[in-house]
Structure formats: C-alpha cells, structure tokens
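Reader: I've just opened this one and could use a guide. Can we go through it with some questions and answers?

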Amino acid sequence: MSLRYSCKKRKYEEENRTFKTKWEVEFVFTDSGGKPVCLICHASLSHYKASNLKRHYDAKHKNFHTNYPPKSELRRNRLNELKSSLNTQQNLLKTFSKEADTTNEAGFIVSWNIARFKHPYSDGEFIKKNISEVVAVLDPKNTKLQRLISQTPVSPHTVERRVSMINFDVEDKLKNDLKNSTAFSLALDESTDVQDNPQLAVFVRYVSNDVAVKEELLDLIALKETTRGVDIKNAIDNILANAEAPLNRLVSVATDGAPAMVGRNAGLIGLMKNDDNFPDFISVHCIIHREHLAARYFKYEDVMKTVLEIVNFIRKHAKTHRQFRNFIEDLNLEDKPNDVSFYCNVRWLSTSNVLGRFVELLEPISIFLKKRNKPYPQLEDNEWMHDLMFLTDVMHHLQSLNLALQGKDQLVSDLSQNIFSFQNKLRLFQTDLLSKTFDHFPNLRKINVEIKQEKVEEYKVSETSVVEMELLELQEDLALKMVHKSLSTVGFWKQVPEAKYPNLKKTAIRLISIFSTTYCCESFYSVMEFVKSKYRSALTNQHLKELLRTALTSYQPNFKHLAAQVETHSITTQH
C-alpha cells in the first residue's frame, strides 16, 4: 500500500514539473516558493492554473509573443536573462530581509540590557554611538558591520516599544508556567513611588511537578486614593483573573502584617478567607518583620535619645559636619570610620550602623563636643556606657540574623534553620554573660562590666511551624540517603520519586512554594525608587511595570522570535 502511494506521488511530482516547464516556455511563468511568478512583471498568482497564466500573459504581455517568437533561440535567451534577473533580485531581497531581522534582533538585545540595568530609554542612541565608534577603531575596514550598526533601531520610542514586547513575552511565559504549576504562593506589599502614588507589588513563587521553582513579579498595580483591605482585595482579584491563576493550587499569602493586610474582618487576609473562590491557604506574617518587632524590645530609650542628639548635632548643619570630618581626618585614625551615620527610623537596621560607628568614634566625639562647649554627662556615666556597649553588641547580632533572613528564593526550611540557630546562640550569649567572659560582646568586654542578662533571656523569635509528616519510609531509603547531603533542598526533592512518595512530595512542593518573608517586595521597591526617580517621574504605571518586570525577571526572552514579529522597514527606508 505504501509502495503504491509512493509511486503515485512520484508520478504526480514528475507531471507537475513537466507542466511548470511547459508553462515557463509558453506563458513566461516560473515557480517561486510554490507559487507562479511572471518573469516579465514579477506578478504572483495564487494557483498554478493554465487558464489563469494564459489570461495574464495575453492581457499584459502581447508584445512579448511577437518580439520573442515561441521555440526561437531569441526567446530562450530572453527567458534565461529574465530568470537570472529575478533570482538576483530575490537574493538581494533575502539579504536585506536577513539584515533587517539581524538589526531588529540587535535592537531587542540593546533594549533588554537598557531595562536590565535600569537605564532610561534614551540611552539606546548613546550605546549605538559607542559601539559604532569602537568598531570603527577595532575594524575600520568592516563597512558591512558599520552599516548594520547604523541600521539598528534604538531610538527612545523604539526602545520603549521593544521593552513592552519583551514584557509581554515574559508575561506570557509566566502565565503558561503558572497554569501548569503544581503549587504557588503569593507575597505582596504596598509602598508609594516618587509621586506618592500607592503601588501594590505582587510576587508569585510557583513550583512545577518536577520541582522547578520560579519566583517572578506577577503584577504591579497602582491603587487609587485609599489602601484599605478591600482595595487591595479587589486588586488581587483582578491580578489573579488576568493571570488565569489556578486558585485551587494557592498555598500561602505572605504580607508584612499591617492591619490592612492581616485584619480578620476588613483586612486582605480576612476578606480572602471569607471568599469561597479561595482555598484554605496559609497566611504568613513576614519573618523579618516579626523579628523586627521582637527586636524593638531592646529600646534603651535613654541611650538612643542621647546618641541621636549627638549625631544630629554633628550632621544637621553643614559647617559643624565639615568641622567634625576635618577633626577626624587630622587625628589620622587607622581602621576607623571617618564619619557618624544618620539614623533612619523606617530602616531599623540603621540602628546597628549608627551605634557601631558612634562607639568606634566615641573618644573623638567626646573631645569634639567638649571643644564645641557641648558636653554630655552621659558619656562619663558608667551605667549609661554599660547600656550603650551592651545595646551595640546586641544590635550587631540582630543585624547578622536579619541579613541571613534576607535574599531571594529563600525557603521556609532555610529561614527556620537560621531562627533555630540564633536561638541556640542566645543560650550561648546567656552563658557568656553569666560567666562574665563577654567573648561575644566585644564592646562590653572593653569596659568589663556586669549587666542584666535577663534582657537576653526574654528575647524570643517566633518559630515557623511546618507540617509534620511521617518520614520513616523515606529515612530508610538508602539511595536518597546517599544524595541527601550533596544536594540543596530543592535538588533533593527533585530526586524523590513521586510514584513512591506521592503525598510526601506533594506536601514538600507546597512547602517549597511558600514565601516566608516579603523580602522580594522590599528589594523591589528599592529598584522602583531607582527606576522612577525624580528625573523620570513622568513614567506611566504601565511603562513602570514593564521596566521593572524586565529588570527583575529570570526568564530569557527569545530575541529572534521577537524580531520576527516586528514589521521590517521597506528597502527604500533602510537603504
């Protein structure tokens, strides 16, 4: 049967070639891409049909029949000339088309890097000029490369459009992967931009069945006038609907713990819990914010008040600040900071930085204040000094913990280990204080004093609870035991066979998807402040979202595919 079909197909193709050759001689048509093209006027017809070809030939090219009689040598030569001319023109068009695709692809790469490095759209022309001048020096005879560089489209409006196309490409990939994910979680936070417009950032972490983990910006929504729980809930509903997210696979929602987020009745979490469209998800209060709340126990208001008064006296007025810096410089202190740090109440980690620099420069500060007739008796008070040194050491340890909790792609298990580790350190600190060795309190050791160690005892960090599972069978799996220590958490669960441990792996995937902090949102707003600065305050909300998604995505766009979507310029425009 297949042999008979092959023979018929071969016979059909031979007959088809015969007809095409005959029509080329009679009607001056040749084949181009499966369609008949007139060799004289280059008109293209839709089908190979003798009547159509003859009608075109008789209507358009009557004189050709007279000037070049059929079967004559003159006609054969003319046909060869026409075919050669058509081939040359088609090859030229292919070359121009290929060059246009290449320059478009190059333009996408430039636009991608402009967005990745958070530069303005207008930098495209600057980059192009630099590339052109560098190539002119390195390879001055390469005129083709110079021409291609000059044709690369990188005007501000073109870069803007290219970034939009890249954003939509990334968004499509995100939506497709989210649809096919096994579990996903959300992390969200709200902040204002340079124009005081409230911006709601929503991040999603989704895990596929083969434990491939992705963390992406799901959307950035500009809220209207208010940022109530209902406003955020409406925004979340629209975001999830636009993303076509499979709500039944939602595992958790992480927030910063603000009332508008976690309120039981009017807060976002409460409204989502009461919405039947959402499953029974886990509400996560950002571990970093919880640790921050616990750290506020160490207020030592008298210490901080005095330190901030002194720092503000030095830094508030330019003349005083300049005199202090010159004074420090004249002392020629090695391995010491050359200035004190300003305190920012919003960024609580600045407490550690302010105290650390203050203690390092304590003696020069005391001398400088006396010279300025601005004495502070607290600097001579032993008890106050004890509290200062203790608070400085404690805030340094808390800062180390906080930095360990930060970072992208952190899993609940990783952060829990950091918390447990710090709790063990607290017991070590308690022993250190009771023995009065102060090995882990270097500033306190300098003045060798006793302090109230109950302050450390009372500092507690909330632990993250995890689902307790029966792991006996897994613990006896020798093959998995061999690879466990050499792999990351995600890498290990990729090796766990789903057929053997279906429920356990499903639970692990859900836990891996959980955001235990809103660090991704916090770092996102730092990038937003840089992109939408006072110099680019006119950026629209859509452009802001496109730039930020492009800058932060882990997806790699297909530049060739994007370039193919762009309508190429006409030959006359390019050349």
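Reader: Among contacts between residues at least 6 apart in sequence, what share joins residues at least 24 apart?
Author: Contact here means heavy atoms within 4.5 Å. This is a predicted model, where local features need pLDDT of at least 70 and side-chain atom pairs count only at pLDDT 80 or more, while totals for chains, interfaces and linings use all residues. Residues are numbered from 1 along each chain as its sequence is written, and side-chain values use heavy atoms, with hydrogens and water left out. Among the chain's contacts between residues at least 6 apart in sequence, the share joining residues at least 24 apart is 68%.

Reader: How many helices and strands does the chain have, and what percentage of its residues is buried?
Author: Helices (H or I, at least four residues) and strands (E, at least two) are DSSP runs, numbered from the N terminus. By that count, the chain has 27 helices and 7 strands. Buried means under 20% relative accessible area, exposed over 50%, and partly exposed in between, with a 1.4 Å probe and protein chains only. Of the 575 residues, the buried part comes to 43%.

Reader: Which residues is Val-307 in contact with, leaving aside its neighbours within four places in sequence?
Author: Val-307 is one of the residues with the most contacts inside the largest core. With neighbours within four places in sequence set aside, its contacts are Val-354, Leu-355, Phe-358, Trp-384 and Leu-388.

Reader: How do α12 and α13 lie to each other: parallel, antiparallel, perpendicular or oblique?
Author: Axes are lines fitted to C-alpha atoms, for helices over the stretch in contact, and angles run from 0 to 180 degrees between N-to-C directions. The axes of α12 and α13 come within 5 Å and cross at roughly 100°. Phe-313, Ile-314, Arg-315 and Lys-316 of α12 meet Ala-318, Thr-320, His-321 and Phe-324 of α13. Angles under 35 degrees count as roughly parallel, over 145 as roughly antiparallel, 65 to 115 as roughly perpendicular and the rest as oblique, so α12 and α13 are roughly perpendicular.

Reader: And α5 and α6, are they roughly parallel or antiparallel?
Author: Helix α5 (residues 123-138) and helix α6 (residues 143-151) have axes 10 Å apart. Their contact involves Lys-128, Ile-131, Ser-132, Val-135 and Ala-136 of α5, with Leu-145, Gln-146, Ile-149 and Ser-150 on the α6 side. They pack at an angle of about 175°, so the two helices are roughly antiparallel.

Reader: Is α25 largely enclosed or largely open, and why?
Author: Helix α25 covers residues 541-552 and reaches 16 Å from its first C-alpha to its last. Its buried residues include His-543, Leu-547 and Arg-549. Because 9 of its 12 residues are buried, α25 is largely enclosed by the rest of the structure.

Reader: Where does Leu-217 sit, and how far is its C-alpha from that of Cys-521?
Author: Leu-217 is in strand β5 and is buried, with a relative accessible area of 3%. Beyond its neighbours within four places in sequence, Leu-217 is in contact with Leu-174, Val-202, Phe-203, Phe-524 and Arg-549. Leu-217 and Cys-521 are 304 residues apart along the chain, yet their C-alpha atoms are separated by 9.0 Å.

Reader: How far apart in space are Val-566 and Asn-104?
Author: Val-566 lies in the loop between α26 (559-565) and α27 (571-574) and is buried at 16% relative accessible area. Setting aside neighbours within four places in sequence, Val-566 is in contact with Asn-104, Phe-108, Arg-162 and Met-165. Val-566 and Asn-104 are 462 residues apart in sequence, but C-alpha to C-alpha the distance is 7.6 Å.

Reader: Is Asp-196 buried or exposed?
Author: Asp-196 lies in the loop between β3 (183-192) and β4 (198-207). Its phi is positive, about 65°, although Asp-196 is not a glycine. Its relative accessibility is 61%, so Asp-196 counts as exposed.

Notes. Expected span 1.5 Å × (residues − 1). Core = buried A, V, L, I, M, F, W, Y, C linked by side-chain atoms within 4.5 Å.
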